Amino acid sequence: MFKKYFNCRHLFKILGHPLALVPAIILGLYFGIFQKQISVFFTPFGNLYLALLKMCVLPILFSATTMSVGQLIKSQDTEKYIKRILLVFSVGLLACGIIGVIMAVITNPGGNLDESTLTALGVIVNSSELDLEVSLSSDTPKPKEESMLITFLFNLIPDNIFSALSEGNTLKVLFFSIIFGVALGSVKESSASFFVLLDTLYKGSKKLIDWLIIILPFGLFCLLSSQIAKTGFGIVLAMGNFVAVTIFTYILIYCLSTLVISKQAHTSFQNVCVGLQEPTLLALATRSSFSCLPSCISSLTTILKFDIHTVDLVIPLAITVCRFGSVTYFAICSVFIAQLYHTSLNLSSFFIIIIASIFAGMATAGTTGVLTLTLLDLVLKPLGLPLEAVLVLLIAIDPIIDPFRTLGIVHTAIASTAAIADHQSSVPQMQELAEF
């Protein structure tokens with residue numbers, strides 16, 4: 001009996017080790033490229049694993065945010081943290097928009113394309129036009145002709161919090177959690193018992209996440225193999241410049257964000273990369289920023305030793321509201337489309353792209369798939385650029401771009417949290433990395 005128990009624990013330890021993900025990635029790539037029919041069989045299992053991860057997100061989001069905001073309001077440091085959050089979030093959003101514009105202007109992915117590439121792009125657009133019209137008219141709601149700020153605010157406030165919870169509307173749940181946390185923190189009578197209840201809910205949900213991480217290698221294999229099998233290489237060759245520039249930009253932002261985290265955590269660049277490998281791989285594999293939320297909290301507090309109360313407050317806000325990766329992508333796409341149509345851009349155009357990309361990126365909270373891409377129209381419309389013809393190209397390459405866009409959201413949110421949260425300098429740092 002003892003031997004069996006020991007073997008199970010040993011097996012769980014092996015599966016939980018980061019190196020266990022390497023065979024899963026290799027097998028996922030092999031099956032996705034060479035065994036496409038078998039990879040399709042694994043698709044439901046990958047979707048099931050992703051659904052299990054998402055199942056734990058809302059309980060953690062509600063309990064962590066409400067508890068952290070309530071305790072922050074009761075503390076003496078309220079004004080300091082609010083100023084930090086506003087400053088860091090504003091700087092981060094502007095930086096992501098500016099970097100996206102600069103990279104697109106310097107590399108010029110939509111200009112100087114040869115005739116064969118333009119022909120290939122035209123064939124793809126024409127052959128997909130009918131399917132695109134059907135998908136947009138039936139399943140995908142188009143952006144409303146309202147002010148971006150007004151639309152965002154209406155999408156922020158829940159009519160019914162229980163309806164928002166049942167529908168999984170993270171943006172509305174987050175807004176209610178913040179307001180409810182402020183109200184709890186303002187109650188003069190003791191609310192300690194309710195905070196204990198929230199803490200229990202948080203710890204229970206995190207325990208579920210810890211169990212699910214044990215089978216992450218299997219989930220990663222299923223998600224990766226099915227994703228690779230569905231992505232053809234023809235569109236990648238035609239849109240090669242754009243794909244390469246976009247991925248390189250996300251890698252650049254990842255490195256800059258890691259430098260910020262490294263400075264705030266008082267440790268090396270390499271240690272930060274190792275300490276954050278779990279949320280990094282989850283972002284690339286699941287393409288769901290909200291599924292990475294528990295892992296982000298755990299890595300920031302347990303491994304990098306940031307203050308847990310501030311992390312619980314800031315990281316849900318950063319992932320849900322800021323959407324750094326989407327801001328960068330919208331900025332790159334806007335310049336790319338302007339280059340395709342040989343439209344000259346001036347300083348006012350770049351200003352519009354950056355500011356509109358920030359609002360459009362923030363509006364993507366809770367959206368997925370084609371709907372996320374259609375929000376690009378909020379940036380293109382003030383520039384007088386069309387989205388319809390290029391949209392099919394963006395949809396075709398989105399399975400390749402989406403993992404890196406998600407990583408941009410998650411990792412930059414982690415860097416923003418590190419810039420805001422206090423570090424537990426008195427605690428010996430990076431003890432967990434010794435186990436690797």
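Which residues in helix 15 are buried? In helix 15, the buried residues are P279, T280, L282, A283, A285 and T286, where buried means under 20% relative accessible area, exposed means over 50%, and partly exposed lies in between (1.4 Å probe, protein chains only). The model shown is predicted, so local features need pLDDT of at least 70 and side-chain atom pairs count only at pLDDT 80 or more, while totals for chains, interfaces and linings use all residues. Residues are numbered from 1 along each chain as its sequence is written, and side-chain values use heavy atoms, with hydrogens and water left out.

**View 1. The whole protein chain.** The protein chain has 22 helices and zero strands, which are DSSP runs numbered from the N terminus (helices: H or I, at least four residues; strands: E, at least two). Of its 436 residues, 51% are buried.

**View 2. T286 in helix 15.** T286 belongs to helix 15, which covers residues 277-286, and T286 counts as buried because its relative accessible area is 5%. Its side chain reaches the backbone oxygen of L282 at 2.6 Å, a polar contact (a pair of N or O atoms within 3.5 Å; within protein, one must be able to donate a hydrogen and the other to accept it, and residues adjacent in sequence count only if both atoms are side-chain atoms). When residues up to four places away in sequence are not counted, T286 touches L50, L53, L223, S291 and C292, a contact being heavy atoms within 4.5 Å. After helix 15 comes R287, with a positive phi near 55°.

**View 3. The largest nonpolar core.** This core holds 112 residues, of which F242, I315, Y329 and L376 touch the most other members. Helix 22 (residues 388-420) gives the most to this core, with 15 residues. A nonpolar core is a set of buried Ala, Val, Leu, Ile, Met, Phe, Trp, Tyr and Cys residues joined through side-chain atoms within 4.5 Å. Leaving aside neighbours within four places in sequence, L376 is in contact with F330, C333, S334, I337, L387 and L394.

**View 4. Two loop residues with positive phi.** R323, a residue other than glycine, has a positive phi near 55°, and R323 sits in the loop between helix 17 (308-322) and helix 18 (324-340). H342 also has a positive phi near 55° and is likewise a residue other than glycine, but its place is the loop between helix 18 and helix 19 (347-362). R323 counts as buried because its relative accessibility is 6%, whereas H342, at 73%, counts as exposed.

**View 5. The salt bridges.** The count comes to three salt bridges, each defined as a side-chain nitrogen of Lys or Arg within 4 Å of a carboxyl oxygen of Asp or Glu. In one of them, the side chains of D422 and R84 meet at 3.1 Å, N to O; because D422 lies in the segment after helix 22 and R84 in helix 5 (residues 78-107), this pair ties together parts that are 338 residues apart in sequence. K203 forms a salt bridge with D199, with the closest N and O atoms 3.2 Å apart, and both lie in helix 10 (residues 192-214), four residues apart, about one turn of the helix. The side chains of D402 and R405 also meet in a salt bridge, at 3.1 Å, N to O; both residues lie in helix 22, three residues apart, and both are buried.
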